[in-house]
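Work through the exercises below with the model open beside you. Try each task before reading its solution.

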Amino acid sequence: EEGVDIAAMETSTQQEELNEDISTSSPRKRQRSSHESSVEPRETDTTSRRVSVHDVVEGMGTLFFEIIKNVQHQFHSRLHNVLSALFSHLEPGEFGRRCFLVASKAMNLALEYTRKEYAVPLFDSVGVAVQNAMCSWKSHQDCTNSHVAQIASLFTILVQHRGGRRIPDIARLYDSVKLLISEDALLHPLFGDQASRAALRFFGALVRVDEGEATQRVMPLIQLIFRLDSLALVQDFCRSLRSCRHFS
């Protein structure tokens with residue numbers, strides 16, 4: 001009997017110790033610990049995730065397109081203001097290069113969305129950008145050769161899209177070409193190969209999609225190009241016109 005009483009007492013003591021441990025442990029602590037263990041993997045996953053430059057460019061380009069578009073293949077009345085703000089950041093360096101990629105993405109989406117008869121504001125905005133860029137360049141203010149080159153490259157994108165099917169008035173585009181390919185610009189020693197190459201690429205793209213009397217329009221400009229000091233630029237331009245029906 002004495003042995004049974006001792007065993008019962010030991011069992012009772014162990015149960016009391018177990019109950020004391022359970023009662024002294026804080027439910028809040030247990031909940032916090034369980035919550036932290038479930039949150040930590042998510043925090044680790046979030047911090048380890050990296051957004052690529054391509055994703056940023058695609059997202060920003062799409063955002064600018066959504067801002068300027070309107071219903072029924074048309075554009076918002078503030079299109080010029082929005083694009084002007086974007087074009088103002090086309091500058092040398094990595095940031096300017098990424099802004100150019102964003103603008104290119106927005107342009108391509110806009111060209112796919114619109115129709116020829118509604119594309120006038122889009123072409124006009126880039127045309128105004130060319131005028132502003134050349135005015136600033138001639139006055140040697142805040143416009144660099146890189147800015148001119150990027151604006152001309154955007155115009156090339158507009159012209160080449162779907163073989164020129166979005167061009168509303170091709171004659172007006174030659175006004176922009178003449179600003180770039182002139183004695184004051186193309187033949188100026190400070191204009192630089194980058195701006196010259198972009199201007200010639202724009203001009204060549206325009207000639208290739210021109211279904212009118214392109215020969216009469218471009219011959220004075222071509223004669224000016226042949227006066228360039230850079231033989232490589234002249235050769236590149238001539239090669240770009242090999243498949244052009246006007247000069248076959």
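**Exercise 1: A stacked pair of rings**

At 1% relative accessibility, Phe155 counts as buried (buried is under 20% relative accessible area, exposed over 50%, partly exposed in between; 1.4 Å probe, protein chains only). This is a predicted model: local features need pLDDT of at least 70, side-chain atom pairs count only at pLDDT 80 or more, and totals for chains, interfaces and linings use all residues. Residues are numbered from 1 along each chain as its sequence is written, and side-chain values use heavy atoms, with hydrogens and water left out.

Task: Classify the ring pairs Trp137–Phe191 and Phe155–Phe202.

Solution. 
- Start with the rule. Rings of Phe, Tyr and Trp (its six-membered ring) pair if their centres lie within 6.5 Å; planes under 30 degrees apart count as stacked, over 60 as edge-to-face and the rest as tilted.
- The structure holds 5 aromatic pairs.
- Take Trp137 and Phe191: 5.2 Å between centres and 90° between planes make this pair edge-to-face.
- Now place them. Trp137 is in helix H6 (residues 120–138) and Phe191 in the loop between helix H8 (170–180) and helix H9 (193–209), so the pair ties together parts that are 54 residues apart in sequence. Helices are DSSP runs (H or I, at least four residues), numbered from the N terminus.
- Trp137 and Phe191 are both buried.
- Next, Phe155 and Phe202: their ring centres are 4.7 Å apart and their planes at 10°, so this pair is stacked.
- Phe155 belongs to helix H7 (residues 145–160) and Phe202 to helix H9, so the pair ties together parts 47 residues apart in sequence.
- Phe202 is buried too, at a relative accessible area of 0%.

**Exercise 2: A glutamine in H7**

Task: Is Gln150 buried or exposed, and which residues does Gln150 touch?

Solution. 
- Gln150 is placed in helix H7.
- Its relative accessible area is 11%, so Gln150 is buried.
- List the contacts (heavy atoms within 4.5 Å). Leaving out residues up to four places away in sequence, Gln150 touches Leu90, Glu91, Gly96, Arg97 and Phe100.
- The Gln150 side chain reaches the backbone nitrogen of Glu91 at 3.3 Å.

**Exercise 3: Salt bridges**

Solution. 
- Apply the cut-off: a side-chain nitrogen of Lys or Arg within 4 Å of a carboxyl oxygen of Asp or Glu.
- The structure holds 10 salt bridges.
- Between Arg172 and Asp124, the closest N and O atoms are 3.0 Å apart.
- Arg172 is in helix H8 and Asp124 in helix H6, so this bridge ties together parts 48 residues apart in sequence.
- Arg172 is partly exposed at 45%. Asp124 is partly exposed at 29%.
- Arg197 and Asp236 meet at 2.6 Å, N to O.
- Arg197 sits in helix H9 and Asp236 in helix H11 (residues 231–240), so this bridge ties together parts 39 residues apart in sequence.
- Arg197 is partly exposed, with a relative accessible area of 31%. Asp236 is partly exposed, also at 31%.
- Asp236 has another partner: Arg239, at 2.5 Å, N to O. Arg239 and Asp236 both lie in helix H11, 3 residues apart, about one turn of the helix.
- Finish with a network: salt bridges that share partners join Glu94, Arg97 and Arg98.

Terms used
Helix = DSSP H or I, 4+ residues; strand = E, 2+ residues; numbered from the N terminus. Polar contact = N/O pair within 3.5 Å; in protein donor to acceptor, adjacent residues only side chain to side chain.
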